[in-house]
Amino acid sequence: GACGECSNPQDIQLYVETRTTVAESAKKCSIQAIFGKDEELMECLKEEIGFTTECTGCWADNMRTTAKYCMWTCLGSMLIGLASSNTV
């Protein structure tokens with residue numbers, strides 16, 4: 001998404017309120033990022049986190065890029081517990 005898509009008052013407030021849980025919530029949508037359609041990933045992120053559509057699009061873009069270029073590193077880290085306390 002475009003720069004600043006998550007810099008509106010609604011998304012900033014939600015980010016502040018969920019700063020300790022937002023990464024874990026996004027991880028619940030990781031299967032859609034790897035195997036699902038764009039619409040499925042967007043819907044999951046909207047349901048789990050609740051950012052605006054524009055901000056959700058940025059998160060979806062980031063997750064798709066991570067899945068494409070870093071999937072095996074991320075999965076390995078999760079399996080050995082390095083990512084268990086990951087926050088953003």
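Analyst: A polar contact of 2.6 Å joins the side chain of Thr52 to the side chain of Asp11. The model is predicted, with local features requiring pLDDT of at least 70 and side-chain atom pairs pLDDT 80 or more, while totals for chains, interfaces and linings use all residues. Residues are numbered from 1 along each chain as its sequence is written, and side-chain values use heavy atoms, without hydrogens or water.

User: What makes the pairing of Thr52 with Asp11 a polar contact?

Analyst: The term requires N or O atoms within 3.5 Å, one able to donate a hydrogen and the other to accept it; residues adjacent in sequence count only if both atoms are side-chain atoms. The value for Thr52 and Asp11 is 2.6 Å, so the pair falls within that limit. Thr52 lies in the loop between helix H4 (38-48) and helix H5 (53-79), whereas Asp11 belongs to helix H1 (residues 9-17).

User: Why is Thr52 called buried?

Analyst: Its relative accessibility is 12%, and buried means under 20% (exposed is over 50%, partly exposed in between, with a 1.4 Å probe and protein chains only). Thr52 therefore counts as buried. Apart from neighbours within four places in sequence, Thr52 has contacts (heavy atoms within 4.5 Å) with Glu5, Asn8, Gln10, Asp11 and Lys46.

User: How do you know that Asp11 has no salt bridge?

Analyst: A salt bridge needs a side-chain nitrogen of Lys or Arg within 4 Å of a carboxyl oxygen of Asp or Glu. For Asp11, which is buried, the nearest side chain of opposite charge is Lys46, 7.3 Å away.

User: Why is Glu39 called exposed?

Analyst: Glu39, in helix H4, has a relative accessible area of 57% and is therefore exposed.

User: What makes the rings of Phe51 and Trp59 a tilted pair?

Analyst: Their centres are 5.4 Å apart and their planes meet at 35°. Rings pair with centres within 6.5 Å, and planes under 30 degrees apart are stacked, over 60 edge-to-face and the rest tilted; the pair is therefore tilted. One aromatic pair is found in the whole structure, and both Phe51 and Trp59 are buried.

User: Which residues have the most contacts inside the largest nonpolar core?

Analyst: They are Leu41, Leu45, Ile49, Phe51, Trp59 and Met63, in a core of 14 residues (buried Ala, Val, Leu, Ile, Met, Phe, Trp, Tyr and Cys joined through side-chain atoms within 4.5 Å). Helix H2 (22-27), H4 and H5 each supply at least two residues of this core, and H5 gives the largest share, four.

Notes:
Lys, Arg positive; Asp, Glu negative; His and termini not counted. Phe/Tyr/Trp six-rings, centres within 6.5 Å; stacked < 30°, edge-to-face > 60°.
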